[in-house]
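Q: I am new to this structure and would like to understand the words used for it. Could we look at it together?

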Amino acid sequence: MAFAFQDEWSDHESNGVSFPIPRPLGLGTPQANLTKLLDGSDPDWVGYSVPWHPHSFLKGITHFQFFSRVKALSPKNTTEVWVRFRRNDQRFTTEMLGSLADHWRRMIENYVPESAWNNEQLPKRAIQAAKEGRPILGYSTSYGYPTLAMHLEIKKKLPSEGVQWLFMRARSTEIKNGRFDAEVTIMDERMEVVALSHQISFITKSMQIADRKRSPKDSNL
């Protein structure tokens, strides 16, 4: 059983005390040239998509394109990515934020040196996949991370037509006895906070699915 709560408010309707906080929350700037991300010319970031498999719990993120730092700057308890839809005609809307916040919490992989999904190995695999014009190999992570409880606070409504880009950072405070927490921050292109989420998840055994190389024509499956 999982519990989810959502709060939503509009800053245009509020007039309380406000103080600016440096962005992006003390971990070094994630700002990137988004045009260069798309054509692969930004030397500091690498893009990748995840292959689809009917039995993989990662299939929910196969319609996204992620961008990670080539050289990880964040600590092990943190992951951060820029994300967009693989299809150019799709955009993120406010209604999608809860699902998106629940999709990217792979901090545990950073504590598994042999994991293909940690902050060191993932960019290397992404660079190789980009050279070969295919999604990265890998249908399963080291563990599964089912959500036990989740709270989402929407800080800023996205425009009705949606946005192409969002930045996500997930950070864990404690990983203990098969559970971990995640503080997820979602920002827009201007590095303004769109949503905050606090989650508690289990760490479970993950069904390992053998990799197979996919041709570029498979990348849209």
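Q: Which residues does Phe-92 touch, not counting residues up to four places away in sequence?
A: Phe-92 touches Phe-64, Val-83, Arg-84, Phe-85, Leu-100, Leu-158, Gly-162, Val-163, Gln-164 and Leu-166. Contact here means heavy atoms within 4.5 Å. This is a predicted model, where local features need pLDDT of at least 70, side-chain atom pairs count only at pLDDT 80 or more, and totals for chains, interfaces and linings use all residues. Residues are numbered from 1 along each chain as its sequence is written, and side-chain values use heavy atoms, leaving out hydrogens and water.

Q: Why is Arg-134 called buried?
A: Buried means under 20% relative accessible area, exposed over 50%, and partly exposed in between (1.4 Å probe, protein chains only). Arg-134 has 13%, so it counts as buried.

Q: What makes Ala-116 partly exposed?
A: Its relative accessibility is 29%, so Ala-116 falls in the partly exposed class. Among its contacts, with residues up to four places away in sequence left out, are Gln-121, Leu-122 and Arg-125. The C-alpha atoms of Ala-116 and Thr-141 are 7.7 Å apart, although 25 residues separate them along the chain.

Q: What joins the side chains of Arg-134 and Glu-132?
A: A polar contact of 2.6 Å joins them. The term needs a pair of N or O atoms within 3.5 Å; within protein, one must be able to donate a hydrogen and the other to accept it, and residues adjacent in sequence count only if both atoms are side-chain atoms.
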